[in-house]
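These are notes for a colleague who is opening this structure for the first time. Please read the numbered points beside the model.

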Amino acid sequence: MHKSYQSILPCQSRILQKRWDLRYYEEHRQKVKEAKSMVDTSAPKTYVHLHLKLKKLQLEEERLATIERDNRILLEKMSLIMRTKGRVDNRNDYEYKSLNKEKRQRELLRVTRENQEILRRILAREPEYNHLKWEQEWEENEAFIDNISRFPRDWWELEQKEKELQRLQTAEAKANRSRPASRKNKKKDNKAEEENEEGENTEEEQNKKEDENKKEDENKEEEKESEEREEKEAEPVTE
C-alpha cells in the first residue's frame, strides 16, 4: 500500500514518509481535541437563593394560614347559627341626623331666589335692537339698489332661463326637422305654446316692474312725510 502513497513533498522512502505524515496528522487531531476554547460557553453559575425564595414561601404560608383561620372562625359562627336561632339582630332604629342640614337648606333657598331674580331681570329686559326697523331699512336699501343698478335683480337667473328656453327650442326644431311632413300641425301648436309662454313671462316682468315702481313711489312719499315731520319738530314753539 505504501507504494501507492502520493506524498506532497519529494521523498526517498514512501513508507517512511507515509508513517511520518500519519503520525503528524494524529498529533494534530489530538491537539485539536485537547484545545481549550477562548470564549467561555458554559452555563452560568446558579445560586440557590435566586431559585428558591424562602421569604416568598414564608409569606405565602402566612397568608394561607390567615385565610384558613378566618374560614374556620366563619364556619364555627355558621354552625352556631344553624344549631341555634342565632344572636343576630338586623334591626337598626337609629335615625341619621345631619349637623348642617339647616345651613344647606338656607343656602339652597338663597341660590334659588338669586336664580329667580336673574331670570326675572332677563325676561323683563327689552331688546336693544328692533328687528322690524331693520327689515324696513333693508327693504328701503333694496329699493335704492334697484334704482341705481344697471341690471335687474336676479338677472343671472333670468339669463339662464332664457338660455335654457333657447336650447329647448333648438332641440325641438332639430327633432321636428327629422319628423315626417304629416306633423307640421304639431309644430305650429308647439310654436303657439312657446309664444304664449313668452307672453306670460313678459307680463310677469311688467307686473314686477310695476310693483317696483309702486314701492319706489311709496318710499318717496314716506321720505317726504318724515322730512316734513322733522321740519315741524325743528321749528321753535311760540307761546
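1. Arg 167 counts as partly exposed, at 47% relative accessibility; that class lies between buried, under 20% relative accessible area, and exposed, over 50% (1.4 Å probe, protein chains only). Its salt-bridge partner is Glu 164, with a distance of 2.3 Å from N to O. A salt bridge here is a side-chain nitrogen of Lys or Arg within 4 Å of a carboxyl oxygen of Asp or Glu. Glu 164 is also partly exposed, its relative accessible area being 38%. Both Glu 164 and Arg 167 belong to helix α6, 3 residues apart, which is about one turn of the helix. Salt bridges with shared partners also link Glu 107, Arg 110 and Glu 114 into one network.

2. The model is predicted: local features need pLDDT of at least 70 and side-chain atom pairs count only at pLDDT 80 or more, while totals for chains, interfaces and linings use all residues. Residues are numbered from 1 along each chain as its sequence is written, and side-chain values use heavy atoms, with hydrogens and water left out.

3. Glu 107 is partly exposed, with a relative accessible area of 40%, and Arg 110 counts as partly exposed at 32% relative accessibility.

4. How many salt bridges does a search of the whole structure find? The search gives 8. Another one of them joins Asp 70 to Arg 69, with 3.8 Å between the closest N and O atoms. Asp 70 has a relative accessible area of 38% and is partly exposed; Arg 69 is partly exposed as well, at 40%. As a general point, side chains of opposite charge can pair when their charged atoms come close.

5. The protein chain has 7 helices and 0 strands. Helices (H or I, at least four residues) and strands (E, at least two) are DSSP runs, numbered from the N terminus. Of the 239 residues in the chain, buried ones make up 2%. The chain exposes about 24800 Å², of which carbon and sulfur atoms supply 52%; accessible areas come from the Shrake-Rupley method with a 1.4 Å probe.

6. Is Gln 17 buried or exposed? Gln 17 counts as buried because its relative accessibility is 14%. Its place is in helix α1 (residues 14-34). Leaving aside neighbours within four places in sequence, Gln 17 is in contact (heavy atoms within 4.5 Å) with Tyr 5, Ser 7 and Cys 11.

7. The largest pocket has a volume of about 1200 Å³. A pocket is an open set of points on a 1 Å grid over the protein atoms alone, with protein on both sides within 12 Å along at least five of seven lines, and lining residues have an atom within 4 Å of a point. The lining holds 34 residues, with Pro 152, Arg 153, Leu 158, Lys 208 and Glu 212 nearest the pocket centre.

8. Helices α5 (131-148), α6 (155-178) and α7 (184-234) each supply at least two residues of this lining, and α7 gives the most, with 15 residues. By type, the lining divides into 5 nonpolar, 8 polar and 21 charged residues; Asp, Glu, Lys and Arg count as charged, Ala, Val, Leu, Ile, Met, Phe, Trp, Tyr, Cys and Pro as nonpolar, and the others, Gly among them, as polar.

Terms used
1 Å grid on protein atoms, 1.4 Å probe; cavity = no way out; pocket = protein on both sides within 12 Å on 5 of 7 lines; lining within 4 Å. Points joined across faces, edges and corners; volume = space filled by probe spheres on them.
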